[in-house]
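Please read them with the structure open beside you.

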Amino acid sequence: MKQRQFVIFLAAMFALAMFAGGCGGDAESSSDSSSEARALTKAEFLKRGNALCDKALAAQASVINKAIAEGESQSSGASGEENAEAIVADDLLEVDRKMVQELSELALPTSDERAAEKIIEQFEADLEEAEGDPGKLFSGGAFKKAEAVAIDYGLRGCRV
Amino acid sequence: MKYVKMFALAAVAVTALVAVAASSASASAKVCSTATTAHTPTTACTAGHGWVYQGKISAKLKTGTNAVLKATTGGGFVTSTVTCTGSESEGEVTNGTTGTGKLTKLTFTGCSSSSCSGAGGVTASSTASAATPWAATATTTIPGTENGNGIMDVSNATGQFTCDTGIFGHVTCKYEVSTAQPHVTGSDTEPLIVANAIILTTEPNQNSLCGAHASWTATYKVTTPSSLWVE
């Protein structure tokens, strides 16, 4: 009889442990999705950073290709180019703002936080310059300085 | 038991030796042809493959195929595609015994792209020239196995395309690769050099249409010499 009571006790403990574990899991996943507070390893930072740049590059190319396709019937020439650039500059800036915002929200790698922080700061500075001179968005030089430090750090997908 | 241990050690040693020998064989491969015009010194290759070949090598895009340069993001999203109906390559096998040589020409003609709808269309080119040749070395496809097929290690290849986008004017995309590895399919009648999605890296600070990488796909028929093998 005592043995039976012990088995019931063990089962109850097991159920309690499972319940507590489940609660813990929920709390952890909700904190993960709500912020990037957890520090990242450099490898994780590079993976997430490259993915963000990759997404931005695809969006930029889509904006440009869409404009090219839609503008085929329009006449080209210097004034035509300026006009077309002005039309899509807002869309490109929106893509770039989102990319820089998401990069700045990434938790920095614990190993070399300062180096990663400098890259983000350079992206922010380059974005500010591009906002003042949208022509840079088409020459490929908008994030020239940020690209150099990012690629050097390992963010090889950041050719935006 | 002692003998078993000794035998095992000997087996490991022999395996290592074979591996080294195989890798040595793959480090250098002969270029062979039945073409009788240029083979100095006259060194025989495998039966039916003629002699060690040294001299001019030229190739043209295989009839009915295109050379395709696909620019993509790191994740594979296609930012632009350039398709060329013509492409030619020239070079020289300077040492047929070691399979070394150079590429002195790689040109593209009849190119088009949906991203380049301006009047100027799109032109593609490479930096391979007599003045700036690309070093090339042939090795067998499978180390130590001589089946006539091989790989060409082409060093420091760079190329570009210039695209008239129409509404945005001209965009130039430049690419580089430290070692490109097109495959050689040996044949008596139709030797081929195949670039199967060779990955090139986009040089920094370029338009988004250039992507972060590009893949180069093309199949060339070797026209000189008329037959070719790597062994």
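1. F138(A) and F168(B) form a stacked pair, with 5.2 Å from centre to centre and 25 degrees between the planes. This pair crosses between chains, running from F138(A) in helix α5 (residues 136-139) of chain A to F168(B) in the loop between β9 and β10 of chain B. Both F138(A) and F168(B) are buried, a term that stands for under 20% relative accessible area, with exposed meaning over 50% and partly exposed the range in between (1.4 Å probe, protein chains only).

2. A second stacked pair is formed by F161(B) and Y175(B), at 6.1 Å centre to centre and with 25 degrees between the planes. Because F161(B) lies in strand β9 of chain B and Y175(B) in strand β10 of chain B, the pair ties together parts that are 14 residues apart in sequence. Both F161(B) and Y175(B) are buried.

3. On provenance and conventions, this is a predicted model, in which local features need pLDDT of at least 70 and side-chain atom pairs count only at pLDDT 80 or more, while totals for chains, interfaces and linings use all residues. Residues are numbered from 1 along each chain as its sequence is written, chains are lettered from A and ligands numbered from 1 in the order in which they are written, and side-chain values use heavy atoms, with hydrogens and water left out.

4. As for the chains themselves, the secondary structure of chain A comes to six helices and zero strands, whereas chain B has one helix and 14 strands; helices (H or I, at least four residues) and strands (E, at least two) are DSSP runs, numbered from the N terminus. Buried residues make up 35% of the 160 residues in chain A, and 44% of the 231 residues of chain B count as buried. Taking contacts (heavy atoms within 4.5 Å) between residues at least 6 apart in sequence, 72% of those in chain A join residues at least 24 apart, and in chain B the corresponding share is 62%.

5. Helix α4 (residues 113-132) of chain A has 20 residues, which at 1.5 Å a residue should span 28 Å, and its end C-alpha atoms are 29 Å apart, which agrees; the expected span is 1.5 Å times one less than the number of residues. In α4(A), the residues A116(A), I119(A), I120(A), F123(A), D126(A), L127(A) and A130(A) are buried. Seen down the axis of α4(A), the buried residues fall within an arc of 120 degrees, so they line one face of the helix, the arc being that of the directions from the helix axis to the C-beta atoms. On the other side of α4(A), K118(A), E128(A) and G132(A) are exposed.

6. Where does T165(B) sit, and what does its side chain reach? T165(B) is placed in the loop between β9 (150-164) and β10 (170-180) of chain B, and at 1% relative accessibility it counts as buried. A polar atom of its side chain lies 3.1 Å from the backbone nitrogen of F168(B). Leaving aside neighbours within four places in sequence, T165(B) is in contact with I68(A) as well as with S115(B), C116(B), S117(B), G118(B), V171(B) and L209(B).

7. A polar atom of the T202(B) side chain lies 3.0 Å from the backbone oxygen of A212(B), and the side chain of T202(B) reaches the backbone nitrogen of H213(B) at 3.2 Å. Neighbours within four places in sequence aside, the contacts of T202(B) include R159(A), K174(B) and Y175(B), and those of T201(B) include R159(A), K174(B), Y175(B) and E176(B). The C-alpha atoms of T201(B) and Y175(B), 26 residues apart along the chain, are separated by 5.4 Å.

Technical notes
Polar contact = N/O pair within 3.5 Å; in protein donor to acceptor, adjacent residues only side chain to side chain. Phe/Tyr/Trp six-rings, centres within 6.5 Å; stacked < 30°, edge-to-face > 60°.
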